[in-house]
Amino acid sequence: MRDAPRQVFRRTSPISRVTPNRLGPFVQTPAGIAYRDGRLLICDTGLNVVHDWNLRTGAARSLGKSGAILANPVAVVVDDAGVAYVTDSESGRVVVFAVDGSQMGEILPPDDAPYRPVSLALHS
C-alpha cells in the first residue's frame, strides 16, 4: 500500500505577491530604497522610474513614468505624510511625489549651481 502524497502548506506573506508577472517588469537596476507604512519604493536607474509597491495589498505603480520624467533616480525617502522625495541626479533636482503618485513639485539648486544629488535624509 502506497502512502498518500504529503501536502505542504506555506503561509504567504504580502511580499510574495510582488512578482514580475503580476506587477510589471523586474527592477532592472536597483539603487535607492525606502520603506514606510507598508510601502516599498525602489529607485530603478535602468528604467528611470521609482517602483512603488504597497506590500499590504500587492498594488504597484511606477513614479516618474508620466509627467515628471526621471533621468537617473538614485535615492528616495518618504516622510510621515507619505510624500516621496526622489533624487534625480542626471537632471540635477529632487522631485517630490504626492501619496497618489502625482508630482507635487521639485527642488532645484539656487542660481543654476552645478547640482547632482545622490542621497537624501529627512529630519522629523
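Q: What makes the largest nonpolar core in this predicted model a core, and which residues belong to it?
A: The largest nonpolar core has twelve residues: Ala 34, Leu 41, Cys 43, Val 50, Leu 63, Leu 70, Val 76, Val 78, Ala 84, Val 86, Val 95 and Phe 97. They are called a core because such a set consists of buried residues of nonpolar kinds joined through side-chain atoms within 4.5 Å. Two or more of these residues come from each of strand S2 (39-44), strand S5 (73-78), strand S6 (84-88) and strand S7 (93-97). In soluble globular proteins, nonpolar side chains tend to be buried together.

Q: Why is Val 76 called buried?
A: Val 76 has 6% relative accessibility and therefore counts as buried, the cut-off being under 20%. This residue lies in strand S5.

Q: What is in contact with Val 76, leaving aside neighbours within four places in sequence?
A: Val 76 is in contact with Gly 32, Ile 33, Ala 34, Leu 41, Cys 43, Ala 84, Tyr 85, Val 86 and Leu 120. Ile 33 is 43 residues from Val 76 in sequence, with a C-alpha to C-alpha separation of 6.2 Å.

Q: What makes S6 a mostly covered strand?
A: Of the five residues of S6, four are buried. Ala 84, a member of the core, touches Arg 39, Leu 41, Leu 63, Val 76, Val 77, Val 78, Val 95, Val 96 and Phe 97, when residues up to four places away in sequence are not counted.

Q: How do you know that S5 and S6 pair, and in which sense?
A: Pairing requires at least two bridges, and S5 and S6 have five, in the antiparallel sense. Tyr 85 in S6 is the bridge partner of Val 77. Five residues lie between the strands of this hairpin, where Gly 82 takes a positive phi near 90 degrees.

Q: How do you know that S6 is also joined to S7?
A: Five bridges join these antiparallel strands, against a requirement of at least two for pairing. Tyr 85 stands opposite Val 96 in S7. The hairpin of S6 and S7 has four residues between the strands, and Gly 92 in the turn has a positive phi of about 65 degrees.

Terms used. Residues are numbered from 1 along each chain as its sequence is written. This is a predicted model: local features need pLDDT of at least 70, side-chain atom pairs count only at pLDDT 80 or more; totals for chains, interfaces and linings use all residues. Side-chain values use heavy atoms; hydrogens and water are left out. Buried means under 20% relative accessible area, exposed over 50%, partly exposed in between (1.4 Å probe, protein chains only). Contact means heavy atoms within 4.5 Å.
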